[in-house]
Amino acid sequence: MSIDNAPRLDGAGDLYPGPDETPAVAAPVGETVPAPKPSRSKAPLWRLLLRDRMATVAAAILVFVFLVAVFGPWLVGDAATDQNLDQSNLAPFHVANGWMNILGTDPLGRSMLARLIVACRTTLLVALPAVALSCIIGSLVGMWAGYHRGWRETTAMRVADVIMSFPSLLMAVVVLYVFSPSAANIVLVLAITRIPIYLRTARAESAELQSRLFVDAARTFGARSGAVIRRHVFPILLPTLLTVATLDFCYVMLAESSLSFLGIGIQPPDISWGLMVSQGRTYLQTAWWLSFFPGLAIVITTVSATVLAAWARIATDPAQRWRLTVPRSRRSRLFPTRKVVS
Amino acid sequence: MFAFLRRRVYTSLVPLLVVLFGVFLLARLTGDPTNLYLPVSATPDQRAEFAAENGLDKPVLSQMVDYLSGVAHLDFGESLRTGESAATMALRAFPATLQLAFFTMLLAIIGAIVIGCWAAYRPNSLADRISSLLSMTAASIPDFWFAITGVWIFAVVLGVLPTSGTGSALSWILPIATLLIRPLGVLTQVVRGAMVSALSAPYVRLARSKGAGDLRVVTHHALRNAAAPALTVAGDLTVGLVNGAVVVEAIFGWPGIGKLMIDAILQRDFAVLQAAVLLTAVSIFVLNILIDAGYALLDARVREKSKV
Amino acid sequence: MSAPAPAVESPDVADTDRVALEVADLTVDLRTPSGTVRAVDHVSFTARRGETLALLGESGCGKSMTAQALVGLLEPIADITDGSVRLGDVDLVTAKARTRRTLAATELAIVFQDALTALNPVYTVGKQLAEPFRIHRGLSSKEARREAVSLMERVGIPEPESRVDSYPHQFSGGMRQRLLIAMAVALSPTVLLADEPTTALDVTVQAQIMSLLRDLRTEHDMAVILITHDLALVAEEADRVAIMYAGNVVETGPVAEVFSSPQHPYTKGLLDSVPVHAVRGEDLKSIGGTPPDLHSIPSGCVYQARCPLARDLCRTTRPPLADVATPGRRSACHFPEEISHV
């Protein structure tokens, strides 16, 4: 969603000087209306995405991972749990063992590919709800706090500071020690530790916007604060939130993997990629693929999310979007002569 | 400057106090605390004895007083496993982690500055895009996987590095490399971004119009301005290093506070866990103060603001 | 507008040794997402020592970009594609970066418009003032500091000894502008560019700043190029003027003569729009139409769409900046003699 598509209501939107419109300069004597600007490149977001090859690849990978999580387990059926000791610890890339075992098998003869797919679902089932939960709670509280300022803001920020000042993994470790690990507990703990990120972002944006003219204008129309937040603050905040959420998704995925690796995350017989890495650790010399592939899956997913988030940060900021649309200089790409400092 | 620091100490004290009380609450108000301290196999008699010994049958308020006075005297109880004072164990393990963290952050900062400045100098060049991709990958790699793969390649297959322990100088390489990856990746991106902003700022043009050369512009003018956001992130990363240390120490058997915590968890040794957690909280508290002091040193405007 | 400044004796071939900067056919192209735009189109003018040349034009006419091109501080998307800028023996367009750097501040200096962002916020004013001395004269920090203090005194900053260690944000707007001027004249350059030096200041401070610039010009025998959109300022302060429109210079000449008898329809239109000449009860005059979209500049004269004298020749052939009947004056119009009939 881009700011171009954000709903504009009540004419209050027209009062908001978008970042790429120059403020009206007092026209010097003799001048009439300033020249009509050349039409801004209204490239829709997805087209902008296609121009950046790396970001497109990243987005494609993420969509693929999501589809695997949704449809994969249904497709592989029982292959993830069927034990077959005859086929224990088969090496990968030997087609003779059948396509299901193309990535090898584990000590119990279960197909690595199938287990990876099922683990994908578990991993996403923890990461996505955690991100969604922390995003919703954090941004709601943040918008509210930033809009009203005063004690609401201070309290919210102090709470956020407290949560942030402690390493999240540590907090999760201690809490899971006391409450014993389960998927729901993990989701809750991870969500709570990430709330401050969204809270701070939402608060900062909301506080900055509430002092702007168009909010005052809306207030004079008698709009209630809830409505103002919903109609004016939220649409502007949304792109930033989505970017932060994408990056946060990486972090939560890695956190869950670390917890599972340490033995206090997802518990067997459930599997997640982190847990698979841990289970493969003892077989490092004999069956390297047991740890390698799940780790690779994590890396690919998180790198894609990071790349996409970096692209989104530029694309959703109207003031920076030009960087993606400027044609490259005709000179050599390997050693461009134009330095920033020149 | 000192007034500023004093203010910061007061505001940073709050999280520390919250952790203090949080640990207490977690331990006592979530069911029978003896379950936390004693192994699962303990008999009811053992539990009763333990409770009486440690005042766990007293009302909560007096328990809190006991707890706080214990903390003030650095008495967190004894380890279930060794019977040693939990505080002693924690303090003994701490320096190992500190050394690891210090060298890691030092290398990360130096690396990030060098690579970040170089990439920002020629933005969108092939070199910049490669370093961006590398740093983004580095920021996303799960540390435990990197460690395991590292161990497999260098210790098992190639046999050039030890798999664990603190024996030789070589045994530092893999742990630090593992711990270093993520902070280096994140910090490089931040430095690069901040430098690109700084280099396109008006004061850089002014410096150029005075005849300043590239080196002076980058190191003298731009870097000082880019340092502030980089410092903030560096601070957050150092806090996150504690996370990384837990994993790294578990894998490499590094005798630091992270390993102590994991062992305490696996052996249900709550006293030691408590001591380790609190020690970590205090060090983070001190670290945040130092970072804010650095922030103030860099930028005069920060010193003058009353609300930080 | 007050009475025009005393007419400067029309410069003749005789004082070519007073020529400090000679710009010929300077052209700047911008690479935009929707194609290449010519922001500065074969612009030519001359600046002489002891004289103030004004580049006058409305917002977007290319005057600021011309200034940036002169000092070599163009944005990465802008390229100089034609022309020459001769400063002494050196052509700045083709000169190496090292040569340009030695000339910066020693021969050519610029005063920026916004003093707050132009000054580095993390260093004291003294350090920044001392910088030209340390770079070009190799002075020690103590010696350079002494120079900085005397500079501050020269531009009228009270208590320089104590304020030399203050930070930019601790000064008022007018003081900051004086600091910028001080930095620019530190090494007694031959040419000083002032890009809208007073636009952001109050009227009273404006007068002080301009008076300071005048004194410094005499003291250092500099050529001052004043970039502005303010007709009144030009009338008060400048000796010669080059009027710019849509990236072209349309008229040059001594200020008094140009303002009393313009030789280009645009200049005439500008002057007629000044309210001072208006009669109560009559509509205020303005120039009909708007400046052209730089993406689609018509062939022929760039002013044709709004010119009352426009005819076929104007639409096909671009009028060169040519000498007119009166010596020392040039106009880019096919029919300058008809201006008085407009």
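The legends below describe close-up views of a predicted model.

Residues are numbered from 1 along each chain as its sequence is written, while chains are lettered from A and ligands numbered from 1 in the order in which they are written. Because the model is predicted, local features need pLDDT of at least 70 and side-chain atom pairs count only at pLDDT 80 or more, whereas totals for chains, interfaces and linings use all residues.

**View 1. Confidence in the model and in chain C.** The model has an ipTM of 0.76 and a pTM of 0.73. Where pLDDT is low, the predicted coordinates should not be read in detail.

**View 2. The overall form of chain C.** Chain C contains twelve helices and twelve strands; helices (H or I, at least four residues) and strands (E, at least two) are DSSP runs, numbered from the N terminus. Along the principal axes, its C-alpha atoms fill a box of roughly 65 × 50 × 45 Å. Why can chain C be compared with a compact globule? A compact globule of 342 residues would have a radius of gyration near 20 Å, and the 21 Å of chain C agrees with this; the radius is taken over C-alpha atoms, and the globule rule is 2.2 Å times the number of residues to the power 0.38. Of the 342 residues of chain C, 45% are buried. A residue is buried if 20 or more other C-beta atoms lie within 10 Å of its own, exposed if 12 or fewer, and partly exposed in between, with C-beta atoms placed from the backbone. In chain C, 65% of the contacts with a separation of 6 or more join residues 24 or more positions apart.

**View 3. The annotated span of chain C.** In an unreviewed entry, UniProt lists residues 21–271 of chain C as "domain: ABC transporter". UniProt positions are given in the numbering used here, feature names are shortened, and annotations may be inferred rather than shown by experiment.

**View 4. The helices of chain B.** Chain B has 13 helices and zero strands. Of its 308 residues, 42% count as buried. The unreviewed UniProt entry gives the annotation "transmembrane region" to residues 100–121, 133–160, 172–191 and 270–291 of chain B. Residues 100–121 are 100% helix, with end C-alpha atoms 31 Å apart. Residues 172–191 are 95% helix, and their end C-alpha atoms lie 26 Å apart.

View 5. Helix H11(B), residues 257–266, is mostly covered, with seven of its ten residues buried. These are Ile257(B), Gly258(B), Lys259(B), Leu260(B), Met261(B), Ala264(B) and Ile265(B). The covering elements include helix H5 (168–179) of chain A, and helices H5 (86–121), H10 (214–252) and H12 (270–298) of chain B. After H11(B) comes Arg268(B), with a positive phi near 55°.

**View 6. Where chain B meets its partners.** Between chains B and A, 47 residues of chain B are in contact with 41 residues of chain A. H10(B) contributes the most to the side of chain B that touches chain A, with nine residues. By class, this side has 34 nonpolar, ten polar and three charged residues; Ala, Val, Leu, Ile, Met, Phe, Trp, Tyr, Cys and Pro count as nonpolar, Asp, Glu, Lys and Arg as charged, and the others, Gly among them, as polar. Between chains C and B, 24 residues of chain C are in contact with 17 residues of chain B. On the side of chain C that touches chain B, H4(C) gives the most, with four residues.

**View 7. The largest nonpolar core.** A nonpolar core is a set of buried Ala, Val, Leu, Ile, Met, Phe, Trp, Tyr and Cys residues joined through C-beta atoms within 7 Å. The largest has 269 residues, and those with the most contacts inside it are Ala90(B), Ala275(B), Ala276(B), Val191(C) and Leu193(C). H10(B) supplies the largest share of this core, 20 residues. Leaving aside residues up to four places away in sequence, Val191(C) touches several residues, including Ala20(C), Leu87(C), Met222(C) and Ile225(C).

Technical notes. Two residues are in contact if their C-beta atoms, placed from the backbone, lie within 7 Å.
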